[in-house]
Amino acid sequence: MKAAVMNEFGDADVLTYEDLETPKPRAGHVLVKVLAAGVNRLDHYLREGSVTRDIPLPHVLGADAAGEVAELGEGVSGLETGQRVIVVPGFPLDEADYDIRPALTAPSFALPGLHIRGTYAQYIEAPARFVVADDTGLPPEQVATLPVVLATSVHALKQVGGVKAGDKVLVQAGASGSGSMQIQVAKALGAEVATTVRDAAKADFAKSLGADLVINTRKEDPVARVKDWTGGQGADVVIDNLGGEVLAQSIDAAKAQGVIVAYGFAAGPEVRFDIRSLFFTKKQLRGTMASDPEDLEWGLEQVRAGHIRPLLDRSLPLREAAEAHRLIAAGRVKGNLVLLPWAA
Ligand SMILES: NC(=O)c1ccc[n+]([C@@H]2O[C@H](COP(=O)([O-])OP(=O)(O)OC[C@H]3O[C@@H](n4cnc5c(N)ncnc54)[C@H](OP(=O)(O)O)[C@@H]3O)[C@@H](O)[C@H]2O)c1
């Protein structure tokens, strides 16, 4: 099979288009023909080697796959060859761990593209238990934008943030791949949403997703705007995709006893804040990582109901994986990018 292979850590050019042996599905597993593979910022960090270098090379990146069942391993029932499916973005490898929640805490938890070979390939093997029917009715290139951002956003807002109807939520970086999904998830949960962007085009994009308040942080003070929007209180929940110098603002924009969910570090991994801004007001800073199969299930129900839509920026042939990574590194993506393993 063809795959975008990483033989070393480095810039986007380390991704090369090569032949790899097609996996054979083990008992209880299925072979999925990948019709479209989503690209996430995590893939870019992994390729750089800035998350971990503890990855055996050569490696295949990618956690998102929309495809169809190509072959069933021994003992698999409930799935058929040719059936459209989505691979759950992260699952335990050991059957004894399948029911552990959060799934991330299972000793054998693996994220495709990090712990095991990923989806930037024509085929991927996965446990049948973590391959779900794709009944969204959407084309694979749209579906492939969903799994990671949808499931992790549901996990961050619903499970970690405890967002409920009527809450006022601030999403930092509302035009990012994750922020654009979090606006939609928060709205689907019945919350009101404020979000931040840094230019007018991204403001329009965030508005089109249903954000109630869009703050251009190059022109306005986000903390003052959120305080104003909440009658002086602050947001019930803040989703921080940025870290860096932005996390202190996220803490200040939350109400007393509010929750700040640390989801990402697009503005940098090192943060500085005055600890008194957190504990004098009993605010809670909570981390989130990955998701459970139930988060994907809930998210897909919202997609089917038309409450959440995939946000495909563009799709590229798999052989152009390096170009996809250059676009991500340059911040030139609104929503998500997808690679097509079978395109010429
Ligand atoms: N916790 C989890 O389970 C999980 C899951 C997926 C992703 N993540 C993490 O979430 C983060 C975002 O990922 P993504 O895929 O959404 O990224 P993305 O689509 O590449 O977007 C990054 C965003 O960050 C903004 N940004 C960068 N530096 C900034 C700064 N100094 N101030 C304000 N905005 C800044 C960019 O805004 P401009 O366009 O204005 O530059 C852009 O909107 C990453 O750290 C990723 O690893 C976490």
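Mentor: Let's begin with a rule: two strands pair if DSSP finds at least two bridges between them. Keep in mind that this is a predicted model.

Trainee: Okay, so what makes β1 and β4 a pair?

Mentor: Two bridges join strand β1, residues 2-6, to β4. The rule asks for at least two, so they pair. As for direction, β1 and β4 run antiparallel. You can see it in the structure at Val-5, which stands opposite Val-60 in β4.

Trainee: And what holds paired strands together in general?

Mentor: Backbone hydrogen bonds do, whether the strands are parallel or antiparallel.

Trainee: Which strands are called edge strands here, and why?

Mentor: The sheet is open and has three strands in the order β2-β1-β4, with antiparallel pairing. β2 (15-19) and β4 (59-60) are the edges: each pairs on one side only.

Trainee: What makes a set of residues a nonpolar core?

Mentor: Its members are buried residues of kinds such as Val, Ala and Tyr, joined through C-beta atoms within 7 Å. The largest core has 100 residues, and Val-32, Tyr-120, Val-169, Ala-186 and Val-261 touch the most other members. It draws at least three residues from each of domain 1 and domain 2.

Trainee: How do you know that Val-169 is in contact with Ala-186?

Mentor: Contact needs C-beta atoms within 7 Å. Ala-186 is among the residues that Val-169 touches, so that pair meets the cut-off. Leaving aside residues up to four places away in sequence, Val-169 also touches others, including Val-163, Val-193, Asp-236 and Ile-239.

Trainee: Which parts of the chain are called domain 1 and domain 2?

Mentor: The domain assignment gives domain 1 as 2-146 + 310-340 and domain 2 as 150-287. Their C-alpha centres lie 28 Å apart. The contact takes nine residues from domain 1 and eight from domain 2. On the domain 1 side, those residues divide into four nonpolar, three polar and two charged.

Technical notes. Residues numbered from 1 in each chain as written. Predicted model: local features only at pLDDT ≥ 70, side-chain atom pairs only at ≥ 80, totals over all residues. Helix = DSSP H or I, 4+ residues; strand = E, 2+ residues; numbered from the N terminus. Buried ≥ 20, exposed ≤ 12 C-beta atoms within 10 Å, placed from the backbone. Domains from an automatic or database assignment. Contact = placed C-beta atoms within 7 Å. Nonpolar A, V, L, I, M, F, W, Y, C, P; charged D, E, K, R; others polar.
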